[in-house]
Amino acid sequence: MQRFFAATSPYLTWAVLASLGVMMTFTALTSDDPRIFHQLVHPSGETSARLLIVLMMATPLAMLLKGWRGPQWLKRNRRYLGVASFGYALLHTIFYLLDKASLTTVVDELPRLYIWTGWIAFIIFVPLALTSMDYFVRKMGTWWKWLQRWTYAAAVLTLVHWAALNDWDGAAAALVHFGPLIALEAYRVWYWYLRPRPQAAALPQR
């Protein structure tokens, strides 16, 4: 397993991350089912959310499982996971718009909690994805890390977006998926701010 994580190339990583999106797109383009876009809205959104959860779990997992190659591999590939998450969010948005097939319907639905939280999460995703290249990391310096912290806001909005579906019928599924991330982030906060610290040895009196 350690050799696998050490040898995995970016091309293989991208092939795996993109495979489901390619299949969804192919299905959308070739199916004669009039409800195909509606059927693809939820799988594409759930895939985006799952990738977001995995990338955000990388750092606390690496803290908890020190020395394990898996979490370290996730940390190295966080930007790939983030761009892939945005890609599926983009597919999710396209399928949603094609399913509604009406600008009036889309605008009328905006006041709904599960709709506007999804739109804001997607808007936050856009600059995060556009600045994921090494060029922007170098050019933006510390501002790049500040921008990336907006991932937390996108995650919270995504959780609400998913949970509030169909009069909160999606709450259980959303909490099952986000639960491990919430637990790991709580551990991270405890580790850095709340855990007992060893007291410095008292200086000998002269």
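This is a predicted model: local features need pLDDT of at least 70, side-chain atom pairs count only at pLDDT 80 or more; totals for chains, interfaces and linings use all residues.

In which helix is Trp168 found? Trp168 is found in helix α11.

**Overall architecture**

- The chain contains twelve helices and zero strands.
- Followed along the sequence, the elements give the pattern α-α-α-α-α-α-α-α-α-α-α-α.
- The C-alpha trace spans about 85 × 40 × 35 Å along its principal axes.
- The chain has 206 residues, of which 37% count as buried.
- Among contacts with a separation of 6 or more, 66% are made by residues 24 or more positions apart in the chain.

**Helix α3**

- Helix α3 covers residues 36-64, a run of 29 residues.
- At 1.5 Å a residue this helix should span 42 Å, and its end C-alpha atoms are 42 Å apart, so the two values agree.
- A kink of about 40° lies in α3 at Ala58, shortly before the proline Pro60.
- His42 also has its place in helix α3, and it counts as partly exposed because its relative accessibility is 36%, which falls between the limits of 20% and 50%.
- His42 and Leu12 are 30 residues apart along the chain, and their C-alpha atoms are separated by 26 Å.

- Most residues other than glycine have a negative phi.
- Asp167, although not a glycine, has a positive phi of about 55°.
- Asp167 lies in helix α11, which comprises residues 165-168.
- With a relative accessible area of 76%, Asp167 is exposed, because the cut-off for that class is over 50%.
- Trp168, likewise a residue other than glycine, has a positive phi, near 70°.
- The relative accessible area of Trp168 is 48%, so this residue is partly exposed.

**Aromatic pairs and a cluster**

- The count of aromatic pairs comes to twelve.
- One of them joins Trp119 and Phe122 in an edge-to-face arrangement, with 6.5 Å from centre to centre and 80° between the planes.
- Trp119 and Phe122 are three residues apart in helix α7 (residues 113-130), so about one helical turn separates them.
- Trp119 is partly exposed, at a relative accessible area of 23%, whereas Phe122 counts as buried at 15% relative accessibility.
- Phe86, Tyr96, Trp119 and Phe122 form one aromatic cluster.

Conventions. Residues are numbered from 1 along each chain as its sequence is written. Side-chain values use heavy atoms; hydrogens and water are left out. Helices (H or I, at least four residues) and strands (E, at least two) are DSSP runs, numbered from the N terminus. The expected span of a helix is 1.5 Å times one less than its number of residues. The bend at a residue is the angle between axes fitted to the seven residues ending there and the seven starting there. Buried means under 20% relative accessible area, exposed over 50%, partly exposed in between (1.4 Å probe, protein chains only). Rings of Phe, Tyr and Trp (its six-membered ring) pair if their centres lie within 6.5 Å; planes under 30 degrees apart count as stacked, over 60 as edge-to-face and the rest as tilted. Contact means heavy atoms within 4.5 Å.
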